[in-house]
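Biologist: Could you walk me through this one? I would like to begin with the charged pairs and then move on to other things.

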Amino acid sequence: MGISHSTPKSPPYLLEEPLPTASTTATATKDPKKLALIPLIFLIYFEVAGGPYGEEQAVGAAGPLLAILGFLIFPFIWSIPEALVTAELATTFPGNGGFVIWAHQAFGPFWGSLMGSWKFLCGVINIASYPVLCVDYLKLLFPIFSSGLPRYLAVLFSTLLLSFLNYTGLSIVGYTAVSLGIISLSPFLVLTLISIPKIEPIRWLSLGEKGVKKDWTLFFNTLFWNLNFWDSASTLAGEVDQPQKTFPKALFSAGMLVCLAYLIPLLAATGAIPLDQEDWVDGYFANVAQIIAGKWLKVWVEVGAVLSTIGLFEAQLSSCAYQLLGMADLGFVPRFFGVRSTWFNTPWVGILISTVFGLAVSFMDFSDIISSANFLYSLGMLLEFASFLWLRRRWPAVNRPYKVPMGLPGLVIMCLVPSGFLVFVMAIATKTVCMVSGLLTLVGIFWYFLMNFCKSRMWLGFDTVRERVEDGDVE
């Protein structure tokens, strides 16, 4: 084996087939235990959005016109590049672990491990927020859950119940996501249809009420929060039926669903009622439903919000659990992190660890921690874009079942635009967020060296770290 003096070729095992893992491989025939196209579409949908819940703040921050333009334009400068990168890398390296594999293959085990730490911490913080949000919606219908012991018990038992559902199997979770998606979107379909005769298009052109100052930080954070995490489903790639074909289709379909789920209700609501900008906060769609159709539709929207948070929780927990499984396959965490259930073949240890972390965070005052999760996510995405570009430059001949149809200069431009936005998000972070993010990053670095020390002393069992593509691997 030696270094080629011509354009580097892909390693032999990548020329013939995608990178296998210890637990899963891509199959040529349909496997009923694998995740099919429709469930994957809705899992991606819940990873990213979960419905128009939460987009209201964009109107409150900048007015109807800029909110509409934001949800119309931002997918092109952020969501589409992230989805394209995910489609190419998830089909080239379709193992559990997703972005961890990509960073490892591009820059080595340290960066792969750090990517895993950033994304896992980000994921479990999101996991913690969903049961809390679910209880916040439930207290509108059942005030007993507003505070005290009933609230804490509701958060605890809802988390444990939803985690058990995740344990029963990814296919069950996937088809549950399909049902939750359809049911949670249905009140917005009704809202839109009832709104049509009341719509005055001139209202869409409003830049906001006079005297209401625009909150650009809130506006951009709302867009960012509602349209990111396209890469989260990549950690499930090893569980997808024929991922090379399925992932690009699922990402495209989920992208269309997400954009329509945001834009159509936003156009209906802002066009059908007079603007009272200060009312446009989280949960205001329920009030809009009551104004337009009555109390019955408000309750339906609130029930849909609860179902949406369940879908968000299940999708995020699946991503975190299978990420840990992939990291165990890679040797970044002890082998027992990837242990699967003998009944359901799910990574029960990964589910348990993710749930425990989520519960720990859910009982904290974590507003700054959530902002820090966005900061860590931004760091991870910068590394992800860098990994994508480096792998395309260094290994252009690697078999890519889906390939973004651009040359390297075009890809650099495609990645620079969202990268600039990521830098902007980090630049406007508070000092507290920067400190918390820095501390969590140090924890991730410490974890990498701790795991290496445990390997050297053979204190814990580890799988062999998957061989990284190197110059020396090329004939």
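Modeller: K119 forms a salt bridge with E384, and their closest N and O atoms are 3.6 Å apart; a salt bridge here is a side-chain nitrogen of Lys or Arg within 4 Å of a carboxyl oxygen of Asp or Glu. K119 lies in helix α6 and E384 in helix α14 (residues 367–394), so the pair ties together parts that are 265 residues apart in sequence. Helices are DSSP runs of H or I with at least four residues, strands are E runs of at least two, and they are numbered from the N terminus. Please keep in mind that this is a predicted model, in which local features need pLDDT of at least 70 and side-chain atom pairs count only at pLDDT 80 or more, while totals for chains, interfaces and linings use all residues. Residues are numbered from 1 along each chain as its sequence is written, and side-chain values use heavy atoms, with hydrogens and water left out.

Biologist: Is E384 buried or exposed?

Modeller: E384 has a relative accessible area of 1%, so it is buried, where buried means under 20% relative accessible area, exposed over 50% and partly exposed in between, using a 1.4 Å probe and protein chains only. K119 is buried as well, at 7%.

Biologist: Which side chain meets K119 in a salt bridge at 2.6 Å?

Modeller: That is D231, with the 2.6 Å taken from N to O. Because K119 lies in helix α6 (residues 109–141) and D231 in the loop between α9 and α10, this pair ties together parts that are 112 residues apart in sequence. D231 is buried, with a relative accessible area of 0%.

Biologist: How many salt bridges does the structure hold?

Modeller: The structure holds 6 salt bridges, and one of them joins E200 to R203, with the closest N and O atoms 3.4 Å apart. E200 is partly exposed, as its relative accessible area is 40%.

Biologist: Changing topic, what is the phi of F229?

Modeller: The phi of F229 is near 70 degrees, which is a positive value in a residue other than glycine. Most residues other than glycine have a negative phi. F229 lies in the loop between α9 and α10 (243–272), and it counts as buried because its relative accessibility is 6%.

Biologist: And where is M458 found?

Modeller: M458 is found in the segment after α16 (431–457), and its phi, near 55 degrees, is also positive. M458 has a relative accessible area of 71%, so it is exposed.
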